[in-house]
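Have a look at the model first, then read on.

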Amino acid sequence: TGGRGSGNYRFFTPEMHEQARARLTLESALRRALERRELELHYQPRLDVATLQVVGMEALLRWNHPQLGSVPPATFIPLAEDTGLINAMGAWVLRQACRQNQLWVQTLGRPLKVSVNLSPRQLHDPQLVADVQLALREAGMAPALLELELTESSLMQDPQAAALTLQRLKALGLELSVDDFGTGHSSLSYLWRFPVDVLKLDRTFLPRLTSSVECGQAGKLAPAIVHLAHTLNLRVVAEGVETREVFDFLRDAGCDEVQGYFFCKPVRPAEFERYLRSGMAA
Ligand code: C2E
Ligand code: CA
Ligand code: CA
Ligand code: CA
(Lines give C-alpha, C1' and ligand atoms only; values in the text may rest on other atoms or scores of the structure.)
(Ligands and ions follow the chains in the order given, each with its own letter.)
Protein backbone atom coordinates (compact mmCIF):
# COMPACT_ATOMS: atom_id res chain seq x y z
CA THR A 1 0.00 0.00 0.00
CA GLY A 2 1.33 3.37 -0.98
CA GLY A 3 1.41 6.68 0.87
CA ARG A 4 -1.56 9.00 1.34
CA GLY A 5 -0.86 11.15 -1.68
CA SER A 6 -0.79 8.34 -4.20
CA GLY A 7 -4.04 6.84 -2.95
CA ASN A 8 -6.53 9.59 -3.63
CA TYR A 9 -7.49 8.87 -7.22
CA ARG A 10 -7.53 5.15 -6.71
CA PHE A 11 -10.16 5.40 -4.02
CA PHE A 12 -12.46 7.47 -6.19
CA THR A 13 -14.19 4.51 -7.78
CA PRO A 14 -16.85 4.70 -10.50
CA GLU A 15 -19.48 3.85 -7.89
CA MET A 16 -18.38 6.79 -5.80
CA HIS A 17 -18.57 8.98 -8.85
CA GLU A 18 -22.15 7.83 -9.38
CA GLN A 19 -22.97 8.49 -5.74
CA ALA A 20 -21.50 11.96 -5.87
CA ARG A 21 -23.54 12.73 -8.99
CA ALA A 22 -26.73 11.41 -7.48
CA ARG A 23 -26.10 13.53 -4.44
CA LEU A 24 -25.59 16.67 -6.49
CA THR A 25 -28.78 16.00 -8.41
CA LEU A 26 -30.70 15.47 -5.19
CA GLU A 27 -29.16 18.60 -3.74
CA SER A 28 -30.25 20.86 -6.56
CA ALA A 29 -33.71 19.30 -6.48
CA LEU A 30 -33.90 19.98 -2.77
CA ARG A 31 -32.94 23.58 -3.34
CA ARG A 32 -35.98 24.00 -5.55
CA ALA A 33 -38.30 21.92 -3.39
CA LEU A 34 -39.27 24.79 -1.12
CA GLU A 35 -40.22 27.25 -3.85
CA ARG A 36 -42.00 24.53 -5.82
CA ARG A 37 -44.04 23.64 -2.77
CA GLU A 38 -42.94 20.02 -2.80
CA LEU A 39 -42.52 20.01 0.95
CA GLU A 40 -45.38 19.27 3.28
CA LEU A 41 -45.89 18.56 6.93
CA HIS A 42 -47.53 15.46 8.28
CA TYR A 43 -48.71 15.30 11.86
CA GLN A 44 -48.64 12.48 14.37
CA PRO A 45 -50.84 12.79 17.45
CA ARG A 46 -49.51 12.69 20.98
CA LEU A 47 -51.93 11.31 23.55
CA ASP A 48 -52.23 11.75 27.28
CA VAL A 49 -51.67 8.34 28.88
CA ALA A 50 -54.37 8.72 31.52
CA THR A 51 -57.19 10.13 29.37
CA LEU A 52 -56.10 8.99 25.90
CA GLN A 53 -57.04 12.45 24.71
CA VAL A 54 -55.00 14.01 21.90
CA VAL A 55 -52.95 16.72 23.58
CA GLY A 56 -50.73 17.63 20.69
CA MET A 57 -48.86 16.45 17.64
CA GLU A 58 -45.40 16.24 16.13
CA ALA A 59 -44.85 17.92 12.77
CA LEU A 60 -42.85 15.68 10.42
CA LEU A 61 -41.49 16.92 7.14
CA ARG A 62 -42.23 15.14 3.85
CA TRP A 63 -40.76 15.77 0.40
CA ASN A 64 -42.80 14.78 -2.61
CA HIS A 65 -40.42 14.86 -5.54
CA PRO A 66 -42.23 14.93 -8.93
CA GLN A 67 -40.10 12.05 -10.29
CA LEU A 68 -38.61 10.33 -7.27
CA GLY A 69 -41.85 10.30 -5.36
CA SER A 70 -41.78 10.51 -1.61
CA VAL A 71 -38.20 11.01 -0.38
CA PRO A 72 -37.83 9.93 3.26
CA PRO A 73 -36.57 12.50 5.79
CA ALA A 74 -33.72 10.15 6.70
CA THR A 75 -32.39 10.85 3.18
CA PHE A 76 -33.01 14.53 2.69
CA ILE A 77 -32.68 16.00 6.21
CA PRO A 78 -28.97 15.08 6.46
CA LEU A 79 -28.45 16.54 2.99
CA ALA A 80 -30.27 19.73 3.97
CA GLU A 81 -28.16 19.82 7.10
CA ASP A 82 -24.87 19.46 5.18
CA THR A 83 -25.75 22.10 2.62
CA GLY A 84 -27.25 24.58 5.07
CA LEU A 85 -30.63 24.37 3.32
CA ILE A 86 -32.05 23.19 6.63
CA ASN A 87 -32.16 26.75 7.93
CA ALA A 88 -34.61 27.98 5.28
CA MET A 89 -36.53 24.70 5.39
CA GLY A 90 -36.68 24.82 9.17
CA ALA A 91 -38.02 28.37 9.16
CA TRP A 92 -40.75 27.24 6.76
CA VAL A 93 -41.58 24.25 8.99
CA LEU A 94 -41.91 26.51 12.02
CA ARG A 95 -44.26 28.94 10.28
CA GLN A 96 -46.35 26.20 8.72
CA ALA A 97 -46.65 24.17 11.93
CA CYS A 98 -47.62 27.18 14.04
CA ARG A 99 -50.19 28.36 11.50
CA GLN A 100 -51.75 24.89 11.29
CA ASN A 101 -51.79 24.44 15.04
CA GLN A 102 -53.49 27.77 15.60
CA LEU A 103 -56.21 26.76 13.11
CA TRP A 104 -56.87 23.52 14.98
CA VAL A 105 -56.83 25.24 18.36
CA GLN A 106 -59.48 27.65 17.10
CA THR A 107 -61.74 25.04 15.52
CA LEU A 108 -61.45 22.67 18.49
CA GLY A 109 -61.76 25.33 21.14
CA ARG A 110 -59.11 23.73 23.32
CA PRO A 111 -55.33 23.97 23.51
CA LEU A 112 -53.22 21.59 21.43
CA LYS A 113 -49.45 21.59 21.39
CA VAL A 114 -47.40 21.27 18.26
CA SER A 115 -43.84 20.04 18.41
CA VAL A 116 -41.25 20.81 15.78
CA ASN A 117 -37.92 19.08 15.24
CA LEU A 118 -34.78 21.19 15.21
CA SER A 119 -31.58 19.92 13.66
CA PRO A 120 -28.15 20.68 15.15
CA ARG A 121 -27.42 23.28 12.51
CA GLN A 122 -30.66 25.12 13.24
CA LEU A 123 -29.87 25.24 16.93
CA HIS A 124 -26.62 27.01 16.11
CA ASP A 125 -28.18 29.35 13.55
CA PRO A 126 -28.10 32.94 14.85
CA GLN A 127 -31.45 33.52 13.08
CA LEU A 128 -33.26 30.79 15.01
CA VAL A 129 -34.77 32.84 17.82
CA ALA A 130 -36.03 35.44 15.34
CA ASP A 131 -37.49 32.69 13.11
CA VAL A 132 -39.36 31.20 16.07
CA GLN A 133 -40.62 34.61 17.15
CA LEU A 134 -41.85 35.37 13.65
CA ALA A 135 -43.65 32.03 13.35
CA LEU A 136 -45.45 32.57 16.66
CA ARG A 137 -46.38 36.17 15.96
CA GLU A 138 -47.59 35.45 12.44
CA ALA A 139 -49.79 32.59 13.63
CA GLY A 140 -51.04 34.50 16.65
CA MET A 141 -50.31 31.41 18.68
CA ALA A 142 -49.68 31.19 22.42
CA PRO A 143 -45.94 30.43 22.78
CA ALA A 144 -46.66 27.77 25.41
CA LEU A 145 -48.31 25.68 22.67
CA LEU A 146 -45.05 25.32 20.77
CA GLU A 147 -42.51 22.68 21.67
CA LEU A 148 -39.11 22.38 20.04
CA GLU A 149 -37.46 18.95 19.91
CA LEU A 150 -33.69 18.82 20.18
CA THR A 151 -31.42 15.83 20.12
CA GLU A 152 -28.80 15.03 22.70
CA SER A 153 -26.06 15.28 20.11
CA SER A 154 -27.04 18.77 19.01
CA LEU A 155 -26.99 19.89 22.63
CA MET A 156 -23.60 18.36 23.24
CA GLN A 157 -21.99 19.77 20.10
CA ASP A 158 -21.31 23.08 21.83
CA PRO A 159 -23.05 22.86 25.21
CA GLN A 160 -22.38 26.43 26.28
CA ALA A 161 -23.71 28.01 23.10
CA ALA A 162 -26.64 25.60 23.14
CA ALA A 163 -27.52 26.51 26.73
CA LEU A 164 -27.57 30.20 25.83
CA THR A 165 -29.85 29.65 22.84
CA LEU A 166 -32.14 27.46 24.91
CA GLN A 167 -32.44 30.18 27.52
CA ARG A 168 -33.40 32.71 24.87
CA LEU A 169 -35.97 30.29 23.46
CA LYS A 170 -37.39 29.59 26.92
CA ALA A 171 -37.69 33.34 27.43
CA LEU A 172 -40.20 33.37 24.56
CA GLY A 173 -42.42 31.11 26.67
CA LEU A 174 -42.22 27.89 24.71
CA GLU A 175 -41.32 24.36 25.73
CA LEU A 176 -38.22 22.33 24.94
CA SER A 177 -37.80 18.61 24.68
CA VAL A 178 -34.92 16.20 24.32
CA ASP A 179 -35.65 13.89 21.40
CA ASP A 180 -34.38 10.31 21.01
CA PHE A 181 -33.43 10.30 24.67
CA GLY A 182 -31.07 7.46 25.48
CA THR A 183 -29.59 6.98 22.03
CA GLY A 184 -26.63 9.26 22.63
CA HIS A 185 -23.77 8.46 24.90
CA SER A 186 -23.60 11.67 26.84
CA SER A 187 -24.00 11.76 30.58
CA LEU A 188 -27.33 12.43 32.20
CA SER A 189 -25.89 15.57 33.75
CA TYR A 190 -26.88 17.64 30.75
CA LEU A 191 -30.50 17.32 31.82
CA TRP A 192 -29.67 19.56 34.76
CA ARG A 193 -27.76 22.01 32.67
CA PHE A 194 -30.36 22.69 30.00
CA PRO A 195 -33.79 24.23 30.59
CA VAL A 196 -35.77 21.35 29.08
CA ASP A 197 -39.37 20.42 29.92
CA VAL A 198 -39.92 17.11 28.19
CA LEU A 199 -37.94 13.95 27.63
CA LYS A 200 -38.83 11.86 24.60
CA LEU A 201 -37.97 8.29 25.38
CA ASP A 202 -36.53 6.58 22.34
CA ARG A 203 -37.98 3.35 21.00
CA THR A 204 -34.85 1.48 22.02
CA PHE A 205 -36.10 1.75 25.60
CA LEU A 206 -39.37 0.08 24.80
CA PRO A 207 -39.55 -3.59 25.65
CA ARG A 208 -39.84 -5.91 22.69
CA LEU A 209 -42.88 -7.59 24.06
CA THR A 210 -43.99 -10.74 22.38
CA SER A 211 -46.85 -12.84 23.72
CA SER A 212 -45.07 -13.38 26.99
CA VAL A 213 -44.46 -10.29 29.09
CA GLU A 214 -40.72 -10.34 28.91
CA CYS A 215 -38.99 -7.01 29.08
CA GLY A 216 -35.27 -7.49 28.77
CA GLN A 217 -32.73 -4.95 29.98
CA ALA A 218 -34.06 -1.99 28.02
CA GLY A 219 -37.55 -2.52 29.38
CA LYS A 220 -36.24 -2.52 32.93
CA LEU A 221 -34.61 0.85 32.37
CA ALA A 222 -37.76 2.65 31.23
CA PRO A 223 -39.43 2.96 34.68
CA ALA A 224 -36.13 4.16 36.18
CA ILE A 225 -35.75 6.81 33.49
CA VAL A 226 -39.33 7.98 34.01
CA HIS A 227 -38.68 8.23 37.74
CA LEU A 228 -35.51 10.22 37.20
CA ALA A 229 -37.24 12.55 34.75
CA HIS A 230 -40.12 13.19 37.15
CA THR A 231 -37.63 13.95 39.91
CA LEU A 232 -36.27 16.65 37.63
CA ASN A 233 -39.80 17.90 36.87
CA LEU A 234 -39.67 16.71 33.29
CA ARG A 235 -42.58 15.08 31.53
CA VAL A 236 -41.94 11.86 29.65
CA VAL A 237 -43.25 11.11 26.19
CA ALA A 238 -42.73 7.63 24.78
CA GLU A 239 -42.48 7.46 21.01
CA GLY A 240 -42.80 4.55 18.62
CA VAL A 241 -45.55 2.79 20.55
CA GLU A 242 -46.73 0.05 18.22
CA THR A 243 -48.73 -2.35 20.38
CA ARG A 244 -51.26 -2.48 23.16
CA GLU A 245 -48.80 -4.42 25.32
CA VAL A 246 -46.15 -1.75 25.03
CA PHE A 247 -48.71 0.94 25.81
CA ASP A 248 -49.76 -0.94 28.98
CA PHE A 249 -46.12 -1.27 29.95
CA LEU A 250 -45.53 2.47 29.48
CA ARG A 251 -48.61 3.42 31.47
CA ASP A 252 -47.40 1.22 34.33
CA ALA A 253 -43.95 2.75 34.00
CA GLY A 254 -45.48 6.18 34.62
CA CYS A 255 -45.06 7.78 31.18
CA ASP A 256 -47.10 10.93 30.69
CA GLU A 257 -47.74 10.87 26.95
CA VAL A 258 -47.50 8.40 24.11
CA GLN A 259 -47.05 8.57 20.37
CA GLY A 260 -46.85 5.78 17.83
CA TYR A 261 -48.38 3.68 15.07
CA PHE A 262 -50.61 1.93 17.61
CA PHE A 263 -52.61 5.14 17.84
CA CYS A 264 -51.96 6.82 14.52
CA LYS A 265 -49.14 7.17 12.02
CA PRO A 266 -48.06 10.62 10.82
CA VAL A 267 -50.80 11.83 8.44
CA ARG A 268 -51.77 14.76 6.25
CA PRO A 269 -53.60 17.65 7.94
CA ALA A 270 -57.03 16.61 6.59
CA GLU A 271 -56.68 13.12 8.00
CA PHE A 272 -55.33 14.44 11.29
CA GLU A 273 -58.46 16.55 11.55
CA ARG A 274 -60.65 13.49 11.04
CA TYR A 275 -58.66 11.69 13.72
CA LEU A 276 -59.22 14.61 16.11
CA ARG A 277 -62.96 14.63 15.47
CA SER A 278 -63.34 10.88 15.85
CA GLY A 279 -61.44 11.14 19.13
CA MET A 280 -63.82 13.80 20.38
CA ALA A 281 -66.85 11.73 19.42
CA ALA A 282 -65.60 8.70 21.33
P1 C2E B 1 -37.92 11.63 14.96
O2 C2E B 1 -37.97 13.08 15.35
O3 C2E B 1 -37.39 10.69 15.97
O4 C2E B 1 -39.41 11.28 14.54
C5 C2E B 1 -40.05 10.07 14.81
C6 C2E B 1 -39.97 9.12 13.63
O7 C2E B 1 -40.53 7.86 14.01
C8 C2E B 1 -40.79 9.59 12.43
O9 C2E B 1 -40.11 9.16 11.25
C10 C2E B 1 -42.10 8.84 12.61
O11 C2E B 1 -42.81 8.67 11.41
C12 C2E B 1 -41.59 7.52 13.14
N13 C2E B 1 -42.60 6.81 13.94
C14 C2E B 1 -43.68 7.29 14.59
N15 C2E B 1 -44.34 6.33 15.24
C16 C2E B 1 -43.69 5.17 14.99
C17 C2E B 1 -43.90 3.80 15.39
O18 C2E B 1 -44.85 3.45 16.10
N19 C2E B 1 -43.00 2.89 14.93
C20 C2E B 1 -41.95 3.23 14.13
N21 C2E B 1 -41.14 2.28 13.72
N22 C2E B 1 -41.72 4.53 13.75
C23 C2E B 1 -42.57 5.48 14.17
P24 C2E B 1 -39.96 10.12 10.00
O25 C2E B 1 -41.20 10.94 9.83
O26 C2E B 1 -39.49 9.28 8.87
O27 C2E B 1 -38.81 11.12 10.44
C28 C2E B 1 -37.50 10.67 10.63
C29 C2E B 1 -36.65 11.72 11.27
O30 C2E B 1 -36.46 12.82 10.39
C31 C2E B 1 -37.25 12.33 12.53
O32 C2E B 1 -37.05 11.44 13.62
C33 C2E B 1 -36.45 13.60 12.64
O34 C2E B 1 -35.19 13.36 13.20
C35 C2E B 1 -36.27 13.97 11.18
N36 C2E B 1 -37.27 15.01 10.82
C37 C2E B 1 -38.53 14.86 10.39
N38 C2E B 1 -39.13 16.05 10.16
C39 C2E B 1 -38.20 16.98 10.48
C40 C2E B 1 -38.19 18.44 10.46
O41 C2E B 1 -39.18 19.12 10.16
N42 C2E B 1 -37.01 19.03 10.83
C43 C2E B 1 -35.91 18.33 11.21
N44 C2E B 1 -34.80 19.01 11.56
N45 C2E B 1 -35.90 16.99 11.25
C46 C2E B 1 -37.02 16.33 10.89
CA1 CA C 1 -38.80 14.15 16.97
CA1 CA D 1 -37.46 10.72 18.19
CA1 CA E 1 -34.48 10.89 15.30
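Let's start with the calcium ion (ligand 2): its protein donors are Glu58 (OE), Asn117 (OD1), Glu149 (OE) and Asp179 (OD), at 2.2 to 2.3 Å from it. Donors here are N, O and S atoms within 2.8 Å of the metal (3.2 Å for Na, K and Ca), and water is not among the atoms, so sites may look incomplete. Along the chain, the donor residues of this ion are spaced E-x58-N-x31-E-x29-D. Glutamate 149 sits in strand 5 (residues 146-151) and aspartate 179 in strand 6 (residues 175-181), so this pair ties together parts that are 30 residues apart in sequence.

A word on the ground rules: this is a predicted model, where local features need pLDDT of at least 70 and side-chain atom pairs count only at pLDDT 80 or more, while totals for chains, interfaces and linings use all residues. Residues are numbered from 1 along each chain as its sequence is written, chains are lettered from A and ligands numbered from 1 in the order in which they are written, and side-chain values use heavy atoms, with hydrogens and water left out.

The calcium ion (ligand 3) is held by Asp179 (OD), Asp180 (OD), Glu239 (OE) and Glu239 (OE), at 2.2 to 2.7 Å, and the donor spacing reads D-D-x58-E. Which residue bridges the calcium ion (ligand 3) and the calcium ion (ligand 2)? That's aspartate 179, and the two ions lie 3.9 Å apart.

How accessible are some of these residues? Buried means under 20% relative accessible area, exposed over 50%, and partly exposed in between (1.4 Å probe, protein chains only). Glutamate 149 is buried, as is aspartate 179. Here are some values:

| Residue | Class | Relative accessible area |
|---|---|---|
| Aspartate 179 | buried | 8% |
| Aspartate 180 | partly exposed | 25% |
| Isoleucine 77 | partly exposed | 26% |

Isoleucine 77 belongs to helix 3 (residues 73-83); helices (H or I, at least four residues) and strands (E, at least two) are DSSP runs, numbered from the N terminus. Leaving aside neighbours within four places in sequence, isoleucine 77 is in contact (heavy atoms within 4.5 Å) with Leu61 and Ile86.

Helix 3 packs against helix 4 (residues 85-108) at an angle of about 120 degrees, with axes 5 Å apart. Those axes are lines fitted to C-alpha atoms over the stretch in contact, and angles run from 0 to 180 degrees between N-to-C directions. Helix 3 brings Phe76, Ile77, Ala80, Glu81 and Thr83 to the contact, and helix 4 brings Leu85, Ile86 and Met89.
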